[in-house]
Amino acid sequence: MTRAKLGLFAALAVLWIAPLPLSVSVAADFDIVPKVSGSWRYDSNYFKADFNERSVFTYLLQPGLDLGIETAKSSVKLNYTLDAYWYDDRDSVPPFERAASDYNYVGQTGDLQMRYQAFPRLQFGLDDTLRLTRDPGQSDQFSDSIIRAKYCLNAVTPLMIYEFGPKFNAAVRYRNTKIDYLDPKDIEDSRENRGIFDFIYNFNRRNSIDLQYQYWRKDYEVSSDYSSNQVKLIFRRQMRSFDLIVGAGYQNRNYTDSTLGSDGVFTYNVILDGEILENRRAYATFRTEQNLNDQAFGSDYFIATRFGLSGGYEFTPKLSADALTSYQISDYQLTPRKDKTYTLSGGVNYRFTRWMAFNVAVGYETRDSNIFGLDYDNTFVIARLNFAYEIGRK
């Protein structure tokens, strides 16, 4: 399946450009950036257990490619890496538990974006996201899971954008998301079909308001399916040094299992992102958001309220530092469970040349739950070396 998806990435890119006239194709700009990164990570509590913590070394090798193709009317952007993970236990493995090395795997990370300006006011596009991973956070932005199951996620999103004039435009997107679990195979797969409609009014080049409506249906093999309706009003403003996004709305969710009833939640997000100093050597991003999680095991649905703050400073063109902190409250709707998860990390980055960089980071994460046995603490250290070299532009 994953090989087929990788081939689909390349095929779509070729088909997007191939129909163009020869004169246009010759005039296309090509950016090709082969890349590879290697990293080492230490986790004091890799499996995020309340008891019997196990420290693990993680080794990761990621060869990949960034590709950009642009013509007068079309563009293709492809980012892809092959992700080879190896794990090494630093503690003795308890009886009846799997060794960390049993979780070794080769994953994939792929993002494809294609756009075609069919007419001056009409644009078509296609986005494709591919993940083969053991990271539960890739399946849901609010994920509270600690399960290290391997799964393949593929989300395909065709879209259309129409500009009625300088003030008003509309966008229609359809997203089909498949999540297939591979190890262990007894975790149920899911399918999601989602429609997203945006009606945007531009007050001027710096301020706009977006009325967004989403409808989606989530289907599971065993667990209750559900359908959701969400309407949201989003205001965007570009200031001198910061960009501001403020959104607020409501989501209503209905489960096919009548015993689960329905959920409703006031949803919002606030993002403030930009430079702190005039010389642009320091930056910061603050965000807060609230909504229901989409992907769950069984009936583990919750209202997530998240706060995040990140920032960095460039000491010299080669040396910089950054830090990140986040806090999430997961208030489960169908059980009395309530989790509070906190993460703090900081790192230093050094660029040897324009094509080689090194960074190291340390961090701490903890979860406090009102359910016995679900707390955990984990300290981690990460060191990474990156190579990315642009070999051609035409």
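# Briefing on selected strands, cores, a pocket and backbone features

The side chains of Thr305 and Gln290 are joined by a polar contact of 2.9 Å. This belongs to a predicted model, in which Thr305 is part of strand β14, the run of residues 302-314.

- The contacts of Gly308, not counting residues up to four places away in sequence, are with Thr285, Phe286, Arg287, Thr325 and Ser326.
- Between the C-alpha atoms of Gly308 and Gly38 there is a separation of 27 Å, while the two residues stand 270 residues apart along the chain.

**Strand β13: Leu292**

- Leu292 is found in strand β13, which covers residues 282-292, and with a relative accessible area of 3% Leu292 is buried.
- When residues up to four places away in sequence are left out, Leu292 touches Phe142, Gln251, Arg253, Asp263, Val265, Phe302, Ile303 and Gln333.
- Leu292 and Ile209 are 83 residues apart along the chain, and their C-alpha atoms are separated by 23 Å.

**Nonpolar cores**

- In soluble globular proteins, nonpolar side chains tend to be buried together.
- The largest nonpolar core of this model consists of 9 residues, namely Tyr46, Phe47, Val56, Leu60, Tyr85, Tyr87, Ala100, Tyr103 and Tyr105.
- Two or more residues of this core come from each of the strands β2 (56-70) and β3 (74-89).
- Apart from this core lies another, made up of 8 residues, which include Leu67, Ile69, Met114 and Leu126.
- Tyr103, a member of the largest core, touches Phe47, Tyr87, Arg98, Arg134 and Arg148 when residues up to four places away in sequence are not counted.

**The second largest pocket**

- The volume of the second largest pocket is about 350 Å³.
- This pocket is lined by 25 residues, and the closest to its centre are Asp144, Ser145, Ile146, Ile147 and Phe297.
- Sorted by class, the lining of the second largest pocket comprises 12 nonpolar, 6 polar and 7 charged residues.

- Most residues other than glycine have a negative phi, and most peptide bonds are trans.
- Asp183 belongs to strand β7, whereas Pro184 lies in the loop between β7 (168-183) and β8 (190-202).
- Asp183 counts as partly exposed at 21% relative accessibility, because the buried class takes in values under 20% and the exposed class values over 50%.
- Leaving aside neighbours within four places in sequence, Asp183 is in contact with Arg98, Arg134, Ala149 and Lys150, and a polar contact of 2.8 Å joins the side chains of Asp183 and Arg134.
- Arg98 and Arg134, both in contact with Asp183, are also among the residues that Tyr103 touches.
- The C-alpha atoms of Asp183 and Phe352 are separated by 39 Å, and the two residues are 169 residues apart along the chain.

- Lys48 is not a glycine, yet its phi is positive, at about 50°, and Lys48 is placed in the loop between β1 (29-43) and β2.
- Asn52, another residue other than glycine, has a positive phi near 55°, and its place too is in the loop between β1 and β2.

How values were computed: Residues numbered from 1 in each chain as written. Predicted model: local features only at pLDDT ≥ 70, side-chain atom pairs only at ≥ 80, totals over all residues. Heavy atoms only, no water. Helix = DSSP H or I, 4+ residues; strand = E, 2+ residues; numbered from the N terminus. Polar contact = N/O pair within 3.5 Å; in protein donor to acceptor, adjacent residues only side chain to side chain. Core = buried A, V, L, I, M, F, W, Y, C linked by side-chain atoms within 4.5 Å. Buried < 20%, exposed > 50% of the residue type's maximum accessible area, 1.4 Å probe, protein only. Contact = heavy atoms within 4.5 Å. 1 Å grid on protein atoms, 1.4 Å probe; cavity = no way out; pocket = protein on both sides within 12 Å on 5 of 7 lines; lining within 4 Å. Points joined across faces, edges and corners; volume = space filled by probe spheres on them. Nonpolar A, V, L, I, M, F, W, Y, C, P; charged D, E, K, R; others polar.
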